Amino acid sequence: MSYFGTDGIRGLFGKFPITPDFVLKLGYVTGQVLVEQNKNKNKKPSVVIGKDTRLSGYVIEAALQAGFNSAGVDVHMIGPLPTPAIAHLTRSFHADAGVVISASHNPYYDNGIKFFAADGRKLSDEMQEAINAKLDGIVEGHADYTQDDPAQLGKHFRINDAKGRYIEFCKGSFPYQYDLSELKIVIDCANGSGYSVGPRVLRELGAEVVAIHNKPDGININDKCGSTYPSTIQQAVVEHKADVGIALDGDGDRIVMVDENGELVDGDGILYILAIKAETKAQGVVGTQMSNMGLQLALEKEGIELERAKVGDRYVMQGLESKGWILGGEPSGHILCLDKSRTGDAIIAGLQVLAVMAQTNQTLSQLTEGFSLLPQCLVNVRLEQMQDPYDFPELVKAFEDAEKKIEGRGRILIRKSGTEPLIRVMVELDDQQQCDELAQQLADQVKQVMA
């Protein structure tokens, strides 16, 4: 079986596979793969491990460390830092892999494990398959996970300057000839891994910063705050009379922004600004199946192609690499600026938008003037067990009938979540009421047949 979803391994803490026992095995077999890859290099492999602010992260961190050390891998412990920081530090420390303990935008009771390769990119499919193959043997009891020679065990080290390294990396992505001294910025840290570094980066670039939801307690991560709950920062921007708002998610790889009027600018809006309004227009943009048709039309008007990938930032990355482009992302706020970072990074993406504001001397609302999205409605249907809606003929017919009904006016997208037992029903249509009604109708049919 495959233990990996679209973004690592994720689930409810205490339930398989997010258990200390499984995580120990995961660390061990991943370490074995790294040892095998390094057998001709005459050196002990090393990994970097970071996490977000969930209480369960302490348990998973200890189990992973034990697993890696048992396999003969040295571990650099980073502590709470955004996911993209771990990708950067993996390269900075010349480690063989990076590991992030996080369930991203999910509630505190979920957790997960994401991997990065030595170059800071997501693990290759080949690497995942190698780990999966070894996991099957151990999980099914056909293999052992103990180190025969104690002299070959790995060590672990606590890295104390990791936060400062990442802050300087982020600041280095902002044009040196500008600063943020004219801006008042509200940043919603989602009580997650960006709670410290996010406000510091903005302050050190000169901004007046109002930080909210920056006091994590282990269980308040993503709790009615952050990029998945944007009404909070919309209200805060207006209340504080700020120039702009930035909302991160729990692990700091997603961003949404808010203009000075309290209007939301999601991932599509950020891509629009970076592709069209920056000093150099984008050659092309990689979005996903969820990217709004309004973005596609706006880019086409400027002669910029939009390539649609499957949902998930790893697929956006693959699309960018195949096209040789540098800009891509998702409406949810995963934004990749490959000339600045090798993975989606909320803080760096936000800084690039702020740089465009500085370069053009325009407000965020001015930068998005004339850009409009087609009304879109997304309804999630939670299942007890994941199934494919296209395995049910009555649902296939319902989807086909809906597509015919709105042909030329919009589109529908029905897909399985890669991280939760959800069926996501999305309708995009030129009329909001009809859009909402059709999405709910299709979601009800999915629930009736599958739930």
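This is a predicted model: local features need pLDDT of at least 70, side-chain atom pairs count only at pLDDT 80 or more; totals for chains, interfaces and linings use all residues.
View 1. When the neighbours within four places in sequence are left aside, Leu-89 is in contact with Val-48, Ile-78, Leu-81, Ala-162 and Arg-165. Between Leu-89 and Phe-169 there are 80 residues of separation in sequence, while their C-alpha atoms are 9.8 Å apart in space.

**View 2. The packing of helix H1 against helix H2.** Helix H1, made of residues 20-37, packs with helix H2, made of residues 56-70, at an angle of about 35°, and the two axes are 7 Å apart. The crossing in which H1 passes H2 is right-handed. On the H1 side the residues that meet H2 include Pro-20, Val-23, Leu-24 and Gly-27, and on the H2 side the residues that meet H1 include Val-59, Ile-60, Ala-63 and Leu-64. Within H1, the side chains of Lys-25 and Asp-21 meet in a salt bridge, with 3.0 Å from N to O, and these two residues lie 4 residues apart, about one turn of the helix. Lys-25 counts as buried at 11% relative accessibility, whereas Asp-21 counts as partly exposed at 42%.

View 3. Leu-12, Leu-55, Tyr-58, Val-59, Tyr-108, Tyr-109 and Ile-219 make a nonpolar surface patch of about 670 Å². One of these residues, Tyr-108, is placed in the loop between strand S4 (97-101) and strand S5 (110-117), and its relative accessible area of 38% makes Tyr-108 partly exposed.

View 4. His-94, in the loop between helix H3 (83-92) and S4, has a phi near 55°, which is a positive value in a residue other than glycine. Ala-190, in the loop between strand S7 (184-188) and helix H6 (197-204), also has a positive phi, near 60°. His-94 is exposed, with a relative accessible area of 68%, but Ala-190 counts as buried at 0% relative accessibility.

**View 5. Salt bridges between parts of the chain.** Lys-114 and Asp-253 form a salt bridge in which the closest N and O atoms are 3.5 Å apart. This pair links distant parts of the chain, with Lys-114 in strand S5 and Asp-253 in the loop between strand S9 (244-248) and strand S10 (255-258), 139 residues apart. Both Lys-114 and Asp-253 are buried. In another salt bridge, the side chains of Lys-323 and Glu-307 meet at 3.8 Å, N to O. Lys-323 lies in helix H10 and Glu-307 in strand S13, so this pair ties together parts that are 16 residues apart in sequence.

**View 6. Leu-413 in strand S17.** Leu-413 lies in strand S17, which is made of residues 410-416, and is buried, with a relative accessible area of 14%. Apart from its neighbours within four places in sequence, Leu-413 is in contact with Gln-289, Met-290, Arg-424, Val-425 and Met-426.

Note on methods
Residues are numbered from 1 along each chain as its sequence is written. Side-chain values use heavy atoms; hydrogens and water are left out. Patches are made of residues with over 30% relative accessible area and no salt bridge: like charges are joined within 9 Å, nonpolar side chains (Val, Leu, Ile, Met, Phe, Trp, Tyr) within 5 Å. Accessible areas come from the Shrake-Rupley method with a 1.4 Å probe; for residues, only the protein chains shown count as cover. A salt bridge is a side-chain nitrogen of Lys or Arg within 4 Å of a carboxyl oxygen of Asp or Glu. Buried means under 20% relative accessible area, exposed over 50%, partly exposed in between (1.4 Å probe, protein chains only). Axes are lines fitted to C-alpha atoms, for helices over the stretch in contact, and angles run from 0 to 180 degrees between N-to-C directions. A crossing is left-handed if the near helix is turned anticlockwise from the far one by less than a right angle, and right-handed if clockwise. Contact means heavy atoms within 4.5 Å.
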